[in-house]
Amino acid sequence: MRSENELIELLNRDLNLLSVKKLRKQNISIRLENEELVSGLNYLKSHSYIHLATISCVDWIEDNQFELIYHLFSYEDKISLSVKTKINRQKSRFVTIKNLWGVAKYYERDIHDFFGIKFTGNDNMDELILENWNEIPPMRKDFKTRQYVDKKYDWRQYHGQE
Amino acid sequence: MNNKYESNKWQEVINWVQKRSLFMLHYCTGCGAIELPPTMTSRYDMSRFGIGPAATPRQADILLITGYLSTKTLRRVIYTYEQMQDPKFVMGFGSCTINGGMYWDSYNTIKQLDKYIPVDLYIAGCMPRPEAILEGFLKLKEKIETGNADGYKKYNKEYETYKKNQEKVLGEVKRRQ
Amino acid sequence: MGKSKRTEMFFGPNHPGVPGNYGINYFYEGDTVVSAEPNPGHLHRGFEKLMEEREWIKNTPLVCRICVMEPDINEMVYAMSFEAIGEIKIPKRAAYIRSIILELARIQAHIFSIGGNCGAIGLYTAMQWGVLTRDYILDIFEEITGGRVYHIYIRPGGVRHDIEDVTLQKILDLLNDLENNRMPEFQKLIFENPIAQKRWKNTAVLNQEDALSLGVTGPALRATGLEHDVRKLMPYAAYDQVDFKVPTGEDGDAWTRLKLKKDEIFQSIKIIRQLVNNIPAGPVSLNLGNALKYKIPAGEAYVKIESSRGEYGYYVVSDGGLKPYRVHVRGTSTPLGLYGVETLLPGCRIEDVPVWAHSLGICPPEFDR
């Protein structure tokens with residue numbers, strides 16, 4: 001069982017980290033380059049970080065980048081580790097990790113539905129939660145919900161309201 | 001014999017019998033469905049009013065829309081409504097059917113139920129208590145007895161308006177009976 | 001005897017046996033499922049986009065509508081992530097009250113789930129008992145918070161208002177009644193019933209390596225022998241001040257999972273008694289200023305708690321403004337409801353598909369959001 005500082009030393013020694021930060025007790029986040037991410041996750045999986053909670057995506061529109069975050073957890077160290085990487089917003093393409101964790105297929109399909117990122121190697125990118133969606137992916141920051149709703153649906157008219 | 005007088009009397013008898021035996025389709029569409037099991041089971045018993053659950057749309061009288069409808073569910077609800085036999089009644093449940101409710105600015109939920117299928121009665125609340133649901137059922141029974149619950153006749157008469165509203169939101173809706 | 005034809009079946013959104021508005025399309029031959037595919041998305045409301053358009057305090061009544069059976073867990077995780085980024089420490093009495101509310105929510109969710117499982121195999125008496133017993137707990141919630149289902153009671157900084165001693169005594173009386181009168185009747189009707197045992201033993205088996213590689217947590221993982229519980233791994237609220245056991249099982253089938261739920265009800269009763277008897281006096285909420293202008297510094301947090309079905313987590317990113325920048329919800333049953341249907345359902349018989357869905361605790365609004 002490692003403490004947070006021992007884990008940070010181990011990761012600094014064995015991986016090529018861009019940055020590492022201890023956010024609070026039992027919660028650490030590290031950042032890797034795009035090309036090193038799959039080998040980094042493989043290394044962590046063999047060092048007791050076997051639980052993949054979820055994959056999240058954040059849209060940083062001013063920097064013109066998407067950020068992908070993989071949340072891992074170890075039952076032995078009891079530390080929650082977030083592995084982050086940034087990709088280009090125009091190209092919006094990344095590799096799949098379905099060979100490490102099979103369940104990542106559905107997390108990546110969900111991110112494709114809402115952000116429009118393509119994952120090479122994952123052959124099923126059909127719509128999962130939306131149906132017949134023709135606009136830009138809805139979770140991007142340039143999709144304005146209120147304008148879309150005003151255009152498509154009509155509001156109820158009450159008496160005395162013009 | 002005056003035919004109109006005879007058919008009125010038959011209609012009164014039919015209304016009297018129908019309001020005492022209503023079958024509700026068991027379709028939990030939104031988050032208001034969590035208050036249906038307490039209404040159906042022994043504490044706020046609804047079968048003492050003659051209302052029971054039915055499994056398929058072909059055998060049901062009442063369609064209860066419990067809460068919000070996403071566009072994916074709206075398509076299935078339209079298919080279900082068109083499969084039910086006349087006379088049929090629709091109750092809107094919760095404030096999401098009235099004006100969009102809590103998710104008024106969401107891109108995926110509809111804002112008024114009235115534009116897509118005809119509604120006979122609304123029950124306000126978020127979410128309504130079981131006692132409010134039972135009071136709604138009693139008002140529906142009064143409406144059936146006086147012959148005012150005629151949403152299904154309106155759907156048949158104004159079919160083109162409803163179809164236009166449905167296709168504006170959903171695209172193409174394939175009708176199969 | 002020839003081979004049977006491969007037929008498609010829509011175990012669709014309108015079905016009394018499915019736990020929520022959710023579809024499974026599967027192919028079967030004879031009596032056994034051969035391949036299956038999930039059909040989610042009927043309950044999608046776009047929560048994550050709605051939360052970015054409202055200020056921090058305005059999300060509190062919105063967030064509890066994500067999981068309908070147990071709404072308090074959402075309020076708790078949202079408040080915890082706000083306090084984690086802003087480094088705010090809540091008063092002790094508020095921590096005890098939050099734990100009492102969460103444990104009462106766990107008991108009512110377990111009772112409802114046991115009733116739902118019995119309804120899936122046809123034991124309708126137990127379903128009626130389950131819904132009725134849960135109603136008495138909802139009466140307590142109505143007295144504390146004002147609402148039966150959606151409470152909106154836990155918010156950043158503490159809880160909304162105090163609990164009186166009269167209500168604490170009512171909670172203890174209800175727990176005595178539950179432990180001495182009602183749970184023995186459940187035991188006789190459900191757990192000593194040979195027909196229910198025959199139906200549940202060796203059905204919907206989930207073994208340990210499948211569970212760990214999918215990311216399954218909660219009773220479904222503890223039924224395979226591991227003792228992992230977020231209340232012990234990363235303690236929150238007042239769980240480090242009480243003494244309780246985490247029950248485990250061996251076989252990983254539906255029978256073990258239901259027995260675990262019953263054992264957890266007894267452990268929760270023990271926890272609530274310790275909390276009520278040792279609750280300290282003091283304020284129940286911090287004064288963080290004007291509620292419409294809450295602000296926390298830029299940062300991020302991944303916070304998780306133990307709901308009645310497993311680990312429930314939020315990932316919140318703040319950029320120092322009046323509204324959240326990004327909130328991502330990780331529901332408990334996301335791996336099982338989506339990927340588990342593809343890999344674990346083939347091999348099951350058709351009449352066991354509702355048993356599979358109910359006993360693994362699939363709750364569709366969590367992954368549709």
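**View 1. Helices α5 and α6 of chain C meet along their lengths of listed residues.** In this predicted model, α5(C) brings C:T125, C:A126, C:W129, C:T133, C:Y136, C:I140, C:E143 and C:I144 to the contact. Facing them in α6(C) are C:T167, C:K170, C:I171, C:L174, C:R182, C:F186, C:L189 and C:I190. By class, this contact has ten nonpolar, three polar and three charged residues.

**View 2. Helix α5 (residues 124-145) of chain C packs with helix α6 (residues 165-191) of chain C.** Two packed helices are described by the angle between their axes and the distance between the axes. Here the angle is about 175° and the axes lie 12 Å apart. Angles over 145 degrees count as roughly antiparallel, and α5(C) and α6(C) are therefore roughly antiparallel to each other.

**View 3. Domain 1 of chain C touches domain 2 of chain C.** The domain assignment gives domain 1 as 1-42 + 333-369 and domain 2 as 71-289. Their centres, taken over C-alpha atoms, are 27 Å apart. Domain 1 gives 15 residues to the contact, and domain 2 gives 17 residues. On the domain 1 side, α12 (334-344) and α13 (353-359) each supply at least two residues. That side has nine nonpolar, five polar and one charged residues.

**View 4. Chain B has seven helices and five strands.** From the N terminus, its elements run α-β-α-β-β-α-β-α-β-α-α-α. The C-alpha trace spans about 60 × 45 × 25 Å along its principal axes. A compact globule of 177 residues would have a radius of gyration near 16 Å, and the 17 Å of chain B agrees. Of the 177 residues, 40% count as buried.

Terms used. Residues numbered from 1 in each chain as written. Chains lettered and ligands numbered in written order. Predicted model: local features only at pLDDT ≥ 70, side-chain atom pairs only at ≥ 80, totals over all residues. Axes fitted to C-alpha atoms, helices over the stretch in contact; angles between N-to-C directions. Helix = DSSP H or I, 4+ residues; strand = E, 2+ residues; numbered from the N terminus. Parallel < 35°, antiparallel > 145°, perpendicular 65-115°, else oblique. Contact = placed C-beta atoms within 7 Å. Nonpolar A, V, L, I, M, F, W, Y, C, P; charged D, E, K, R; others polar. Domains from an automatic or database assignment. Rg over C-alpha atoms; globule rule 2.2 N^0.38 Å. Buried ≥ 20, exposed ≤ 12 C-beta atoms within 10 Å, placed from the backbone.
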